[in-house]
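Dear colleague,

I am passing on to you the structure that I have been looking through, and I would be glad if you read the notes below with it open beside you.

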Amino acid sequence: VDVTLVTDDTRLTSRTQATVAHLRASEIKFSMISSRPPRGVGMLTAALGVTTPIGCFNGGVIAAADGSVVTAHLLSPAVARRAVDTLDAHGVQVWVFSGQDWLLRDSDGPYVGLEARTVQFRPNLVAEFGAALDRVAKIVGVSADFELLARCESDVRAGLADNATIARSQPYYLDMTHPRANKGDAVTEIATLLAIPLAEIAVIGDGA
């Protein structure tokens, strides 16, 4: 979504809206996959008239256009707690996306305002993450110190191994999701739900 479907300042242009409308008129289905949570893409699905399943958390969750969850690949509770402990040890701010909620322990931390503007909803401030770590779709380590976050990424990769997908979505965001939370698997899941062969799907954007 970001810098592919919307501009680098997160605007949805009239040209993009017209393009998606043209696809629909041509009976070509349109979907999207984003690192955002289901609540964070609602403004886009509404503006574009999307009716297909969409990928959220880079495919950790496949949601209906109304934001309801169709399928979910969640981090195991043990992996989620290990991830939080590693981020805490590095002094990196932790965001937890659990259910429909965005949870954090410091509302004055870096990039909170930026993320709230991007997803168009506010986080919930909590003292501890507690039981929310039993049902985590995404954990994000956040820091304005990019070198610190790079070092933290190395330790997270070593500690979580193949139990999570780990990616720097921005120099200041370190994302951790289920191993199947990637855009390739998400395209495959959406194709299955729509009964469309992969050979008849074109994709544009990023994602290893």
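This is a predicted model: local features need pLDDT of at least 70, side-chain atom pairs count only at pLDDT 80 or more; totals for chains, interfaces and linings use all residues.

Residues are numbered from 1 along each chain as its sequence is written, and side-chain values use heavy atoms, with hydrogens and water left out.

The largest pocket holds about 1000 Å³ of space. A pocket here is an open set of points on a 1 Å grid over the protein atoms alone, where a 1.4 Å probe fits and protein lies on both sides within 12 Å along at least five of seven lines, and its lining residues have an atom within 4 Å of a point; the volume is the space filled by probe spheres set on the points, which are joined across faces, edges and corners. Of its 31 lining residues, Phe30, Ser31, Ala202, Val203 and Ile204 are the closest to the centre. Helix 6 (183-194) gives the most to this lining, with six residues, where helices (H or I, at least four residues) and strands (E, at least two) are DSSP runs numbered from the N terminus.

The second largest pocket, with about 740 Å³ of space, is lined by 37 residues, and Asp2, Ser35, Ser169, Gln170 and Asp175 lie nearest its centre. Strand 8 (165-170) gives the most to the lining of this second pocket, with six residues.

Ser35 lies in the loop between helix 1 and helix 2 (42-48). Leaving aside residues up to four places away in sequence, Ser35 touches Phe57, Asn58, Lys138 and Asp175, contact meaning heavy atoms within 4.5 Å.

Phe57 also belongs to an aromatic pair with Phe97, which is tilted, at 5.7 Å centre to centre and 55° between the planes. Rings of Phe, Tyr and Trp (its six-membered ring) pair if their centres lie within 6.5 Å, and planes under 30 degrees apart count as stacked, over 60 as edge-to-face and the rest as tilted. Because Phe57 lies in the loop between strand 1 (54-56) and strand 2 (61-63) and Phe97 in strand 4, the pair ties together parts that are 40 residues apart in sequence. Both Phe57 and Phe97 are buried (under 20% relative accessible area, with a 1.4 Å probe and protein chains only).

Technical notes. Buried means under 20% relative accessible area, exposed over 50%, partly exposed in between (1.4 Å probe, protein chains only).
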